[in-house]
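Hi,

Here is the model I promised to pass on to you. Please have a look at it first, and then read my notes below.

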Amino acid sequence: MHILSVSNFQIFAHLCTLLPPAAHFLRLSARRSAKGAEGGGGYNRVCKASSPSCVASRQKAWRRAEAGRAALAAREAEAAAEREALLKAAEQRLVEKQTELNATKGELKALLKEQDAQEKAKVKQLVAIYENMKPQDAANIFNDLEMPVLLQVIENMKEGKVAPVIASMSTDKA
């Protein structure tokens, strides 16, 4: 007849697997107690849930966990504030760049208007000169002008002055 020998530790370990994870602390204490009983140099007592030392160690662990959570929350808040500051700085730079671009755009528009006005004044001056010339002399000059300039001058001349000039031009340009 065999006597089934099961140690108290094995029974306790089996019961602890049935308990929720919070019982892990009790399992460790039981192992230490068993090692101490076997001569392993562990603790000789099992931490009971209601014992003052066990309650104190749980409270201490809870306080450490709360302090860790508070420190983590503080770091997260600091990181969020830093991100917010970086976003505001980037937004400010974008606003400044947009203002600068708008100012440059306005300057370019003003310069283009000025250039257009100068170009129109030059064409008007050329028209006045060519209208006062003899048609043959104006035709000789028109033969050498570039086509865009020639077209601008002809568009701005009076029809009565343009017809004799075009009649005197070479057939290639006319």
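How many helices and strands does the secondary structure of the protein chain come to? The answer is 6 helices and 0 strands, where helices (H or I, at least four residues) and strands (E, at least two) are DSSP runs numbered from the N terminus. The order from the N terminus on is α-α-α-α-α-α.

A word on the ground rules. This is a predicted model, with residues numbered from 1 along each chain as its sequence is written, and local features need pLDDT of at least 70, side-chain atom pairs count only at pLDDT 80 or more, while totals for chains, interfaces and linings use all residues. Side-chain values use heavy atoms, with hydrogens and water left out.

On confidence, pLDDT is the predictor's confidence in each residue, from 0 to 100. The protein chain averages 80, and 71% of the residues score at least 70. Confidence is highest in helix α3 (residues 52–132), at a mean of 93, and lowest in helix α2 (residues 24–38), at 51. The pLDDT is below 50 over residues 36–45, a stretch that has 15 contacts in the model beyond near neighbours in sequence; contact means heavy atoms within 4.5 Å.

Buried residues in α3 are Cys54, Val123, Val127, Tyr130 and Glu131. Here buried means under 20% relative accessible area, exposed over 50% and partly exposed in between (1.4 Å probe, protein chains only). Of the 174 residues of the protein chain, 15% count as buried.

Next, the salt bridges (a side-chain nitrogen of Lys or Arg within 4 Å of a carboxyl oxygen of Asp or Glu). The count comes to 2.

- Arg69 pairs with Glu66, with the closest N and O atoms 2.5 Å apart. The two are 3 residues apart in helix α3, so about one helical turn separates them. Arg69 is partly exposed at 44% relative accessibility, and Glu66 is partly exposed at 36%.
- Lys120 meets Asp116 at 3.8 Å, N to O. They are 4 residues apart in helix α3, again about one helical turn. Lys120 counts as exposed at 56%, whereas Asp116 is partly exposed at 39%.

Now for the nonpolar core, meaning a set of buried Ala, Val, Leu, Ile, Met, Phe, Trp, Tyr and Cys residues joined through side-chain atoms within 4.5 Å. The largest has 13 residues, of which Tyr130, Phe142, Val153 and Met157 touch the most other members. Two or more residues come from each of α3, α4 (135–144), α5 (147–156) and α6 (159–168). Beyond its neighbours within four places in sequence, Tyr130 is in contact with Ala138, Ile141, Phe142, Leu145, Val153 and Met157.

Not counting residues up to four places away in sequence, Glu131 touches Asn156, Met157, Lys158 and Lys161. A polar atom of the Glu131 side chain lies 2.9 Å from the backbone nitrogen of Lys158.

Best wishes

Notes. Polar contact = N/O pair within 3.5 Å; in protein donor to acceptor, adjacent residues only side chain to side chain.
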